[in-house]
Amino acid sequence: MKTTLDIRNKTESFIKESHQELYQNRAGLKEESRLSDIYLKYPNLFTEETLETLKTDLVRSEGEERKRLNFLYEYLTVAYQRQGINHLTDKILTLEAKATVKLPREEEIPFRRAEVVLANEQNRERRTLIYQGQRKVIRELNPLLEESWERVYDQVGKLGFSNYTDQFQKLSGIDLKSLNNQMQKFLSETEELYVDVLSWALNKKMGLKLREAQKSDLSYLFRFHEYDSFFPKGWMITLMRRWSEALKLDIMAEGRITFDTEPRPTKSPRAFCATLDVPDQVILVILPRGGVEDYRAFLHELGHSLHFAYTSHEEPFEFRWLGDSSVTEAHAFTLEHMILNPLWLKRYLDMGKETQNFLQLLHLKYLYFLRRYGAKLAYELFLHEGSSLSGKKEVYRELLTDACKVIYDTDYYLYDVDSYFYAARYLRAWIFEAQLSWFLTENFDEDWFRNPHAGEFLLNIWKYGQRYTLEELAQKIGIGEISLDGIRERLNRYLG
Ligand SMILES: [Zn+2]
């Protein structure tokens, strides 16, 4: 690849092609995944030579061009490393797709559906059996995961970074140590509150004591079955349309967004947003089953979809497709957290006297996720410190168990890792979203979600795509320094 322009154009067409492939596979339109074939179609894109070419231009550039090249360089470094382990990833995906969880005297559950089945299982013994079956599959995946990480670490060194964490921080500009310090402080501050509320919920909903509870019990608790009747399958999209009219937003973005709600046997049970072309073709894919989890997932993916579909055509390729994903996650959480808003719930899902208990439980789940991801960040910093994987398992179990108060098994020590510190992107997005929610209330009142001026405000921040990092966006909007105070305030209000 000779010039940066070539690299830029080829990257855009590679992304479009691979997103199309991922969409087809995950939406259940075709079973085979041929991602590695797509990599093969771009033989010169994922090489050290390409990275060198980019770097030469990068150090010479400034301003907007420098920022674009930074995003491109980060993306291609990751893609280069992913290509190096493509054959292993394909093996992992195939094994995962074919694996089943076997229950005594009963049917086999596809591994990928096991988590859903477990969360729906009322019988505690059966939940434990499903969980044991999942662990067995993870243990089969572990040698492949170990080999993948060892290879990536090897490549990190070849590119001149001192380790994986160093690479991430240099390429993204995100200070993980400082985020980790804030999160560890938050973990100790909220420990007592978390233990209190979790003990109350386990006892009230399942008749369990905290010390008896297992990870699989939390999956069931946080599925919130008892509220299913308030969240019927048929009402979801009608509700979203009605709500968006009040905000004066078009949830289909003048036809650029479509909803794929069709049931297909191999459709992924997890909702997702497929960006086939930004901003012109975005598909929100969901397999509706009813229940609050559907609504939450739909809102989250709708946040991503609106963000991408309302990104300006004027933005260059890098700002439409690449950049700091904490930004799109923050927009997704802004919509997802309508479900935490008592006024929104009252208006669209009238739960009557159930509202208060329901909100407490939802905020407990919110706190659980913050604590879990805080622990994951600390663990991942430790995991990626050197290049050897020995001794990591035990620390995974210790940190996660300590934060979540239910036992996390060592088996998951690599399976439960989000590559390239995606956990940090989520944490940053959660932090930003709580502040933005406070800002929206201050400026557009308690029921900002029905105010067309708030709708206009959102359109105005979505249009940048990911041109700005979260810190820059916060400055631009005028919400000041990013801190956990917004989250603390929200938790105090509902759990304190
Ligand atoms: Zn998301």
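Residues are numbered from 1 along each chain as its sequence is written. Because the model is predicted, local features need pLDDT of at least 70 and side-chain atom pairs count only at pLDDT 80 or more, whereas totals for chains, interfaces and linings use all residues.

**Exercise 1. State which domains the chain is assigned, and describe the side of domain 1 that touches domain 2.**

Solution. Step 1: the domain assignment gives domain 1 (4-172) and domain 2 (177-495); such bounds come from an automatic or database domain assignment.

Step 1: the centres of domain 1 and domain 2, taken over C-alpha atoms, are 22 Å apart.

Step 2: contact joins 40 residues of domain 1 to 41 residues of domain 2. Two residues are in contact if their C-beta atoms, placed from the backbone, lie within 7 Å.

Step 3: on the domain 1 side, the elements that give two or more residues are helices H1 (4-26), H4 (63-84), H6 (111-120), H7 (124-158) and H8 (164-172). Helices (H or I, at least four residues) and strands (E, at least two) are DSSP runs, numbered from the N terminus. H7 gives the most to this side, with 12 residues.

Step 4: by class, this side of domain 1 has 18 nonpolar, nine polar and 13 charged residues. Here Ala, Val, Leu, Ile, Met, Phe, Trp, Tyr, Cys and Pro count as nonpolar, Asp, Glu, Lys and Arg as charged, and the others, Gly among them, as polar.

**Exercise 2. Determine how helix H16 packs against helix H18.**

Solution. Step 1: H16 (residues 355-383) and H18 (residues 422-444) have axes 9 Å apart and pack at an angle of about 140°. H16 is therefore oblique to H18. Axes are lines fitted to C-alpha atoms, for helices over the stretch in contact, and angles run from 0 to 180 degrees between N-to-C directions. Angles under 35 degrees count as roughly parallel, over 145 as roughly antiparallel, 65 to 115 as roughly perpendicular and the rest as oblique.

Step 1: the crossing of H16 past H18 is left-handed, a term used if the near helix is turned anticlockwise from the far one by less than a right angle, with right-handed used if clockwise.

Step 2: H16 contributes Leu-370, Tyr-373, Lys-376, Leu-377 and Glu-380 to the contact, and H18 contributes Ala-423, Ala-424, Tyr-426, Leu-427 and Trp-430. By class, the contact of H16 with H18 has eight nonpolar, no polar and two charged residues.

**Exercise 3. Carry out the corresponding analysis for H18 and helix H21.**

Solution. Step 1: the axes of H18 and H21 (residues 485-495) come within 7 Å and cross at roughly 70°. The two helices are therefore roughly perpendicular to each other.

Step 1: H18 passes H21 in a left-handed crossing.

Step 2: Trp-430, Ile-431, Ala-434, Gln-435, Ser-437 and Trp-438 of H18 meet Gly-486, Ile-487, Glu-489 and Arg-490 of H21. This contact of H18 with H21 divides into five nonpolar, three polar and two charged residues.

**Exercise 4. Describe the backbone geometry of Lys-248, Glu-254 and Pro-279.**

Solution. Step 1: Lys-248, although not a glycine, has a positive phi of about 60°. Lys-248 lies in the loop between helix H11 (236-247) and strand S3 (257-260), and counts as partly exposed because it has 14 C-beta neighbours inside 10 Å.

Step 1: Glu-254 is found in the loop between H11 and S3, and its phi is near 50°, a positive value in a residue other than glycine. Glu-254 is exposed, with 8 other C-beta atoms within 10 Å.

Step 2: a cis peptide bond, with omega about 5°, joins Val-278 and Pro-279. Pro-279 is found in the loop between strand S4 (272-277) and strand S5 (281-285).

Technical notes: A residue is buried if 20 or more other C-beta atoms lie within 10 Å of its own, exposed if 12 or fewer, and partly exposed in between; C-beta atoms are placed from the backbone.
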